[in-house]
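Trainee: I would like a close look at a single part of this model. Please take me through the pocket and what surrounds it.

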Amino acid sequence: MKKVGLKRNVYIILIGILLLAVAVQITNSQFVLKFNRNSTENGILKGMNASVVQVQTTGKSYCVVYDSTDEFSNKLKTQTEYVLGYLKKPLQVFDISTTTLQFNACQVVISTLVNMAMLGNLDELAQYVKQGGYVFQEATPMKGDAFYRLYRKLGIVNAGEGREVQGIHLTSNVLLGENNLVIDDPFIINSVMTVELDQKSRVLVKSAGGLPMLWDYTYGKGKFMVFNGTMLQEKINRGLLAGALSMLEPIFVYPIFNSKIMYIDDFPAPIATEVDPIIYDEYQKTRPAFFKDIWWPDMLAVAKKNNIKYTAVLIESYQNRVEPPFDSPTDKDSKGLITYGREVLKSGGEIGLHGYNHQAFTQSQEVADAFEYTPWDSIENMIGATKEAVDFAQKAFPSYSMVSYVPPSNVLSVEGREALKKGWPTLAVIASLYPEDGSNLAYVQEYRIAEDGIVEMPRVTSGYVSGNFDRWVSANTITTHGIFSHFIHPDDVYSEDRNHGLTWDKMYKSFSEMLDRIERTYPWLRAMTSSEAALDMQREQASQVNIRIEGKVLYGSIAPFHNRAFFIARMDHKIGKLHGCKVEKIDTNTYLITANSSEFEIELGG
């Protein structure tokens, strides 16, 4: 009897484990992502249109005024269009060189013009603001007759000469969680006007040296806002633009993704049996022993402490083969893939693909030379290498299907992208790079659903050591999108050009401090894998949102609605009764709205 009872319990336990494994697999599988992405019943949109579905508010638009004959104005207009698209605000664009601005059509007027005379009738503009309109001047205005007719209404008392200034000091939470941040670094340079402001002007941003750079000034029932600088033309500063817009109006609500994603590139991957002085001097271990005994346990510990899920993207071989046969690389490590991959999945993470090898999918000799790569001769060879890498992972984890791809060195050609799709049917996500690339070699992305249905979900920052640039860019993307996306490489530890001469102990300390700061500052960000975040991002982009205020109640509706949706709200109001949502204060006058229903209501107090 005891033996029978024991066997029955064992069977029950085994069945339970099997069911749990199936549930985890379904959760991590591309099936959920692919099914939802291709479902027309869910109203899924494709292409860039998915990110410009609009929030309907007053029936008026955010009017972007630009001069198509001016390069700077065009750049500002482009960045503004992207930001308003992500914030889902109704948009009208006025090319002032060919059309006239109609103020009565505008909820907010956004000027990318340096010469304010081009805005048209300045008396009409002033009257528009006085009666309750809003104007955001996105660039340092040029002094002239038009400026001097308006400057007091802009909150300026005296205007001096122009000058170039370095750095930035946030005197507000215009970037979420970063009130009083000071970055005195040459990657932030602005041409500004030296100004003395009215005492009633609210200064939101200064230069590192103390010159006013962003302020607003109430005029009648409306408000003027001025950005005294030139940096809003750059993609990495979109959060500053979004944050400024969100602080211009009394109540401003916009959707976010609400995701925190961490990629490990080149992992699992073959680990050569080498002795690296920077590792051996500290730990007396070879490279494989160090990764097994020190690095990986440390990475698991820091992830658990700071609410992180890893998306590990594998490499089958480091051999530079770009011609078949691909099926027998001498350095492939099936055992390492199984051992480390199993622990990635056990920790709640995801396994994706970095490549068959580390040769970026490009046929361009110029691009390959820039990274010391070997160009691929044909799309067929790329397809063959992709199939081999997918088969390699499938043999290690027969019931698991990879869906996320990270291109080596963030380089991917049009031909390479087609090869991936043909060689890997379950491909659903490509995660490359978000910031602009001065060399024009990287595969730079927007958050969007591509025309072929693949989710484009770029990474933002990288490395174990976080500097001023990383902090700035991550704060901007968190403010605009509610997303933190970071990647690291195992070989940064021993790579002389990437470890900054630091031992692993110091790199780990810096990495831990960065993740700890993110967790403290943005505890509301949800830890997600690449596919989990992509599925939620796809749903958010495909939804239409309606936000309106009637009396003292904020009403919201979402269609189609999937489980929950997230919004940032900026407002100086007390929160009253809630229906269909949860509201959490995350910063000064800033709230995270979690909608639990397709219709939600928030009562607003004084």
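Mentor: The residues lining the largest pocket split into 21 nonpolar, eleven polar and eleven charged. The space inside comes to about 1200 Å³. Keep in mind that this is a predicted model. Its pLDDT averages 91 over the protein, and 90% of the residues score at least 70.

Three of them, α8 (287-305), β21 (461-462) and α13 (468-481), each put at least two residues into the lining of the largest pocket. Helix α8 gives the most, with three residues.

Stay with α8 for a moment. This helix also holds W296. W296 has a relative accessible area of 2%, so it is buried. Leaving aside residues up to four places away in sequence, W296 touches I264, F267, F291, Y310, Y340, E343 and V344. V192 is another matter: it sits 104 residues from W296 along the chain, and the two C-alpha atoms are 48 Å apart.

Last, the stretches to read with care. Residues 1-7 keep a pLDDT under 50, and the model gives them zero contacts beyond four places in sequence. Residues 10-57 also stay under 50, but here the model has 88 contacts beyond four places in sequence.

Conventions:
Residues numbered from 1 in each chain as written. Predicted model: local features only at pLDDT ≥ 70, side-chain atom pairs only at ≥ 80, totals over all residues. Heavy atoms only, no water. pLDDT = per-residue confidence, 0-100. Contact = heavy atoms within 4.5 Å. 1 Å grid on protein atoms, 1.4 Å probe; cavity = no way out; pocket = protein on both sides within 12 Å on 5 of 7 lines; lining within 4 Å. Points joined across faces, edges and corners; volume = space filled by probe spheres on them. Helix = DSSP H or I, 4+ residues; strand = E, 2+ residues; numbered from the N terminus. Nonpolar A, V, L, I, M, F, W, Y, C, P; charged D, E, K, R; others polar. Buried < 20%, exposed > 50% of the residue type's maximum accessible area, 1.4 Å probe, protein only.
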